[in-house]
Amino acid sequence: MSGIVARQVSSYRLTSREVGGARSIVDCAGVRIGGQAVVLIAGPCTVEGLAMLEETGRAARAAGAVMLRGGAFKPRSSPYSFQGLGSQGLAYLARVRAQAGLPVVTEVMAPEQVELVMRYADMLQIGARNMQNYSLLREVGRTRRPVLLKRGMSASIDEWLEAAEYLLAQGNTQVVLCERGIRTFETATRFTLDLSAIPVLRQRTHLPVIVDPSHASGQRHLVGPLALAAVAVGADGIIVETHPQPTSALCDGAQSLDLDQLAGLRDAMARVAGAVGRTMHDPVSAESLPALLGPQISEGGGCQ
Ligand code: PEP
Ligand code: MN
């Protein structure tokens, strides 16, 4: 048995293709990630207010995005940076989810937040800085909610798959991996997008893989080319930061697309997807979204 195969069997058994089969599909409120159709997920880095989120949700839906992203709890490198709107941000996400018919993915930073975030989110995001937060992985693993597990900025592919294994070992198999760039010696980009990770993961795991070209590059003009390269190399989807006025964004404006650029990206992705034998996932209808608990609890003022 080769070294690689031995490690797969012992340290990420359930995540490996040997046990899980060739491909899994993760169903997020009707959006199927990992099938033949490529998904586009869009939204601001951070939920800054209701009006900007509504505008982004409308434009994302019109552009053909199928899910809405946006941070309510933000893992900021500095404690002095804006930390997000918290539960009020979750309430805004729930409102735009229903208006635009876009299932929501948002970050959960701590085990004690899981119950709250689950009332609002169709998919729980575990951020790069928390990829090896094992108590968070166990808590999210105990739910049956789809998970977006971002790659730690200094994590090897094996460490990332071992982190996924924590989720699967608790019984949550609804896991999507997200390559978002790693730390290298290169300083021209914010991180280095590891495009090789996608075909490597395809060989090692049955889990779907999407790519975040926004955090990987840090620069708006690089987001489109990297997104297309990711689709070409086999990514199951793209998650991009999008803002109505990127230059005045509270967080990550330099890497955020404006709403017109998002529409252009969707069209270009469709052409590349076609060239590699895939299609783009269509949006689901607002009426088909399952009810979540959040808006009843916290429509106006949050519930923390
Ligand atoms: C994000 O997607 O909002 C984010 C903070 O990304 P990452 O965890 O990859 O840095
Ligand atoms: Mn961001």
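This is a predicted model: local features need pLDDT of at least 70, side-chain atom pairs count only at pLDDT 80 or more; totals for chains, interfaces and linings use all residues.
**Entry 1: F191**

F191 sits in the loop between strand 8 (175-179) and helix 8 (197-204). Is F191 buried or exposed? Its relative accessibility is 4%, so F191 counts as buried, the cut-off being under 20%. I then listed what F191 is in contact with, leaving aside neighbours within four places in sequence: M153, R180, G181, I182, R183, H215 and A216. I also checked F191 against F82, which is 109 residues away along the chain. The C-alpha atoms of the two are separated by 22 Å.

**Entry 2: T46**

T46 is placed in the loop between strand 3 (37-43) and helix 3 (50-63). I found a relative accessible area of 0% for T46, so this residue is buried.

**Entry 3: the manganese ion**

Which residues coordinate the manganese ion (ligand 2)? I found C45 through SG, H215 through NE2, E241 through OE and D252 through OD. The distances run from 2.0 to 2.4 Å. Along the chain, the donors follow the spacing C-x169-H-x25-E-x10-D. H215 belongs to helix 9 (residues 213-217) and E241 to strand 10, so this pair ties together parts that are 26 residues apart in sequence. Both H215 and E241 are buried.

**Entry 4: E241**

I stayed with E241, which lies in strand 10 (residues 237-241). Its relative accessible area is 0%, which is why I note E241 as buried. Which side chains make polar contacts with the side chain of E241? One is that of H215, at 3.0 Å. Another is that of Q255, at 2.7 Å. Not counting residues up to four places away in sequence, I noted that E241 touches G43, C45, R69, S214, H215, D252, Q255, S256 and L257. Among them are C45, H215 and D252, which coordinate the manganese ion along with E241.

**Entry 5: ligand 1**

Next I listed the residues around ligand 1: R69, K74, P75, E107, Q125, G127, A128, R129, K150, R180 and H215.

- For Q125, a polar side-chain atom lies 2.9 Å from an oxygen atom of ligand 1.
- For R129, an N or O atom in the side chain is 2.8 Å from an oxygen atom of ligand 1.
- For K150, an N or O atom in the side chain is 2.8 Å from an oxygen atom of ligand 1.

How much of the accessible area of ligand 1 does the protein cover? On its own, ligand 1 has 300 Å² of accessible area, and the protein covers 97% of that.

**Entry 6: helix 6**

Last, I went through helix 6 (residues 134-141) for buried residues and noted L136, L137, V140 and G141. Seen down the helix axis, the buried residues fall within an arc of 135°, so they line one face of helix 6. What covers them? The cover includes helix 5 (114-118), strand 6 (123-126), strand 7 (147-150) and helix 7 (157-169).

Methods
Residues are numbered from 1 along each chain as its sequence is written. Chains are lettered from A and ligands numbered from 1 in the order in which they are written. Side-chain values use heavy atoms; hydrogens and water are left out. Buried means under 20% relative accessible area, exposed over 50%, partly exposed in between (1.4 Å probe, protein chains only). Helices (H or I, at least four residues) and strands (E, at least two) are DSSP runs, numbered from the N terminus. The arc is that of the directions from the helix axis to the C-beta atoms. Contact means heavy atoms within 4.5 Å. A polar contact is a pair of N or O atoms within 3.5 Å; within protein, one must be able to donate a hydrogen and the other to accept it, and residues adjacent in sequence count only if both atoms are side-chain atoms. Donors are N, O and S atoms within 2.8 Å of the metal (3.2 Å for Na, K and Ca); water is not among the atoms, so sites may look incomplete. A residue is near a molecule or strand if one of its heavy atoms lies within 4 Å of it. Accessible areas come from the Shrake-Rupley method with a 1.4 Å probe; for residues, only the protein chains shown count as cover.
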